[in-house]
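This report describes the chain shown below, from its overall form to selected residues. Please keep the sequence and the structure in view while reading.

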Amino acid sequence: MGTKENKGQDGRAPLIAQDGRRRKENNYMVYLSTFVAVCGSFSFGTGVGYSSPSEAGIKKDLDLTIAQYSLFGSILTFGAMIGAVASGPMADFFGRKGAMRISSIFCIGGWLAIYLAQGPVPLDTGRLATGYGMGVFSYVVPVFIAEIAPKQLRGLLTAANQLLIIAGVSVSFVIGTLLHWRTMALAGLIPCVVLLVGLSLIPESPRWLAKIGKQAEFDFALRKLRGTDVDVSEEAAEIKDYIETLDKLPKARLFDLFQTRYLKSVIIGVGLMIFQQFGGINGICFYASSIFASAGFAADIGTITYAVLQVVVTTLNALFIDKAGRKPLLLVSVTGMALGCLLAAASFYMKTYQIALAAVPALAVTGILLYIAGFSLGMGAVPWVIMSEIFPINIKGTAGGLVTLVNWAGAWAVSYTFNFLLTWSSYGTFLLYAAVNVACIVFVINLVPETKGKTLEEIQAAINHQ
């Protein structure tokens with residue numbers, strides 16, 4: 001009680017420094033909360049990775065045409081777009097934990113519908129439901145982690161979101177070669193059930209609790225996350241002061257995001273998602289094996305190498321994001337993606353015009369692997385980390401929903417148009433993606449702030465000051 005009353009006094013600082021309490025935060029609950037949340041990310045990845053290994057079995061057992069299976073695969077993205085629109089308001093109304101709980105229920109229902117499906121309608125309904133859950137997870141998980149993590153761990157823990165998505169995709173690819181598609185659908189339930197159980201063991205986001213005025217719950221959640229013997233008065237005061245300032249502002253609607261005070265944050269968040277998707281990732285990811293095959297390289301070897309490299313580099317990103325910083329990782333990442341696209345373009349140009357054909361497979365594989373290594377190093381995870389950091393909490397729900405919707409819309413557009421672009425010009429497609437990635441470098445240099453080591457409140461002040 002005395003701590004709360006004296007939290008603003010200058011005399012508190014020496015006391016905190018002397019007993020060293022703020023240096024001895026117990027992060028056990030932060031790690032546990034992150035683990036529970038990224039079960040949603042893993043579920044996200046299993047949904048993305050499910051359709052590729054299960055294609056032959058589903059088409060055979062349910063007698064689906066190519067068009068029917070294409071609808072099954074792509075309807076996931078439409079569900080995710082709906083989930084993206086709903087994710088921000090859900091997270092603001094039900095809380096971060098409540099939104100993850102609802103999302104898990106949708107995913108469980110979706111997987112069960114797929115498991116029990118005897119025809120295309122229940123199959124597509126289940127896929128749509130899992131897509132909805134994925135759309136919600138894609139926004140709520142990184143926001144929840146950013147709001148509970150100490151600033152020195154925030155980048156590492158938020159990057160775990162992308163790492164677990166990639167892990168989910170890779171696991172689906174592996175077990176898909178071993179399990180029947182119905183059994184795979186049942187396996188998709190596991191991360192959802194773990195998440196539902198785990199949510200009962202972890203606290204809600206203190207920042208959300210402060211925002212809705214639940215003072216006692218806010219104090220309890222913050223102390224549970226930092227440790228009961230840790231002095232949290234300074235952090236609590238900082239959060240409360242920031243929330244009090246935001247409470248004076250009107251509740252944000254979609255058009256409010258384009259006000260001058262929010263516009264730069266929106267441009268940064270939306271811009272990064274546009275460049276992430278239109279740099280070509282989903283086209284290259286979804287059709288990697290066919291790209292390798294068309295370049296004359298063994299598709300199985302190329303795809304396995306691709307999957308392993310993606311997991312390894314994404315892990316390195318998670319380990320170094322709080323040391324190297326967000327902006328340097330983005331710049332190195334997008335440079336690698338641009339160079340990878342140029343190498344792939346060169347290989348297909350050589351193939352088209354019958355130049356040094358013996359070098360084409362090696363050049364194509366090098367380009368694709370350099371591209372995915374670059375993406376995994378930064379552009380895969382960092383835009384989501386930055387998105388979770390740059391929006392004031394009073395617009396975070398609305399802005400986050402917009403940004404996530406843009407991301408999923410871009411994912412659909414790129415994956416849908418990729419084969420048409422390849423038919424138009426194989427090397428021209430990769431030159432187009434290379435140009436987008438070069439434009440992204442210019443965007444990052446000029447607009448994206450460095451958020452490493454700053455509190456969410458300090459990031460807002462820096463963006464507004466710029």
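Two residues are in contact here when heavy atoms of theirs lie within 4.5 Å.

Pro392 sits in the loop that joins α18 (382-390) to α19 (396-424). Its relative accessible area is 8%, and because buried means under 20%, Pro392 is classed as buried.

**Overall form**

The chain comprises 21 helices and 0 strands. Its radius of gyration is 23 Å, close to the 23 Å given by the globule rule for 466 residues, so the chain is as compact as a globular protein of that length. Along the principal axes, the C-alpha atoms fill a box of roughly 75 × 50 × 40 Å. Of the 466 residues, 56% are buried. Among contacts with a separation of 6 or more, 83% are between residues 24 or more positions apart.

The accessible surface amounts to about 19,100 Å², with 68% of it belonging to carbon and sulfur atoms. There are 35 positive and 28 negative side chains, and the centres of these two sets lie 1 Å apart.

**Confidence**

Mean pLDDT for the chain is 83, and 91% of the residues score at least 70. Among the elements, helix α8 (residues 189-198) has the highest mean pLDDT, 96, while helix α2 (residues 12-19) has the lowest, 37. Over residues 1-23 the pLDDT stays under 50, and the model has 24 contacts beyond four places in sequence for this stretch. Where pLDDT is low, predicted coordinates should not be read in detail.

In α8 the buried residues are Leu189, Pro191, Cys192, Leu195 and Gly198. These residues pack against four helices: α3 (28-62), α4 (66-116), α5 (120-148) and α7 (181-187).

Asn161 belongs to helix α6 (residues 154-175). With a relative accessibility of 2%, Asn161 counts as buried. Which residues does Asn161 contact, leaving aside its neighbours within four places in sequence? They are Val38, Ser41, Val141, Pro142 and Trp384.

**Accessible positions and backbone angles**

Ala346 is located in helix α16 (residues 326-352), and at 30% relative accessibility it counts as partly exposed. Ala346 and Gly428 are 82 residues apart in sequence, with a C-alpha to C-alpha distance of 9.6 Å.

Most residues other than glycine have a negative phi. Asp63 has a positive value, as listed below, and so does Ala356. Asp63 is found in the loop between α3 and α4, whereas Ala356 is found in the loop between α16 and α17 (360-379). Asp63 is exposed, while Ala356 counts as partly exposed.

| Residue | Phi | Relative accessible area |
|---|---|---|
| Asp63 | near 55 degrees | 64% |
| Ala356 | near 45 degrees | 48% |

Note on methods. Residues are numbered from 1 along each chain as its sequence is written. This is a predicted model: local features need pLDDT of at least 70, side-chain atom pairs count only at pLDDT 80 or more; totals for chains, interfaces and linings use all residues. Side-chain values use heavy atoms; hydrogens and water are left out. Helices (H or I, at least four residues) and strands (E, at least two) are DSSP runs, numbered from the N terminus. The radius of gyration is taken over C-alpha atoms; the globule rule is 2.2 Å times the number of residues to the power 0.38. Buried means under 20% relative accessible area, exposed over 50%, partly exposed in between (1.4 Å probe, protein chains only). Accessible areas come from the Shrake-Rupley method with a 1.4 Å probe; for residues, only the protein chains shown count as cover. Lys and Arg count as positive and Asp and Glu as negative; His and the chain ends are not counted. The place of a charge is taken as NZ of Lys, CZ of Arg, CG of Asp or CD of Glu. pLDDT is the predictor's confidence in each residue, from 0 to 100.
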